[in-house]
Amino acid sequence: MSIDKIPVHVSMIMDGNGRWAKERGKERVYGHFEGVNSVRACVEAAIETGVKYLSLFAFSEENWNRPDEEVTTLMGLMVKAMANEMDSLDHNGVRFVVLGNRDRLGPELNEEIDRCMKRTEDNQVLTLIIFLSYSGKWDILQAAKKMAMDMLSHPEDIEAVSMDDFGRYLVTDGIPDPDLIVRTSGENRLSNYLLWQGAYSEFLFVDTLWPDFRKDDFRKALETYAKRDRRYGKVK
Ligand code: IPE
Ligand code: IPE
Ligand code: MG
């Protein structure tokens, strides 16, 4: 079945890995491992449906406060998943982008990220964005600081700064705002995700745990989105 009104940018808050593992009597990390298969499924579904940007909230600034062992496993998983998936992503025309507070990632991970981003930078079928060590407030603050530095030498320009001008300092510069943000696992909150960019996104909260979220669920989310009426404050 074809879906009308395909969103340009779909974003996923991938939540519920720990609970998925717990339900099976396993360590939390098993949920993260299985979650990689859901990522692959959603990338495929995005390509099949014609979504141009798929962004995934993989690790928040707040997630650094988890036990060291889980953080280390997650970062290791990131390196491994990139190594395993990059040939196929590149082959399928996927541009791979990582956004977030890169200063907090180790040199090994940063080098691997740079290599993958460089390798796929000209691909045009789908842009896959991984938000890593990201939070919405961090993004807005780093943007404000950078803009303030730029304005130091010509404060007379401050008054004319527009929303679009400010948006160019966010890490998402050049990426359209998400049309649809989906959060899995039944949690109804944003957890400091795309605070600025999500100002007019459609939200969908589903009970499915992330490791169970596959192609059918992605397509269903798009069908739900297609029925939404986006008014942007106007009257029809
Ligand atoms: C999402 O799953 C993955 C990350 C936040 C890194 P969780 O690890 O938050 O799983 P739950 O929410 O505890 O089940
Ligand atoms: C949000 O999930 C962050 C990611 C999905 C990467 P969390 O599991 O960290 O969020 P809270 O703690 O339930 O708000
Ligand atoms: Mg969670």
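**View 1. The shell around ligand 1.** H1, H2 and H3 each supply at least two residues of the shell around ligand 1, and H1 gives the most, with three residues (helices are DSSP runs of H or I with at least four residues, numbered from the N terminus). In this predicted model, local features need pLDDT of at least 70 and side-chain atom pairs count only at pLDDT 80 or more, while totals for chains, interfaces and linings use all residues. Residues are numbered from 1 along each chain as its sequence is written, ligands are numbered from 1 in the order in which they are written, and side-chain values use heavy atoms, without hydrogens and water. Of the 13 residues around ligand 1, Asp15, Gly18, Arg19, Arg28 and Arg66 come nearest (a residue is near if one of its heavy atoms lies within 4 Å).

View 2. Oxygen atoms of ligand 1 lie 2.9 Å from a backbone N or O atom of Gly18 and 2.7 Å from a side-chain N or O atom of Arg66 (a polar contact is a pair of N or O atoms within 3.5 Å). The protein covers 87% of the 380 Å² of accessible area that ligand 1 has on its own (Shrake-Rupley method, 1.4 Å probe).

View 3. The lining of the largest pocket comprises 44 residues, with Met14, Asn17, Phe57, Ala58 and Phe59 nearest its centre, whereas 19 residues line the second largest pocket (a pocket is an open set of points on a 1 Å grid where a 1.4 Å probe fits, with protein on both sides within 12 Å along at least five of seven lines, and lining residues have an atom within 4 Å of a point).

Conventions:
A polar contact is a pair of N or O atoms within 3.5 Å; within protein, one must be able to donate a hydrogen and the other to accept it, and residues adjacent in sequence count only if both atoms are side-chain atoms.
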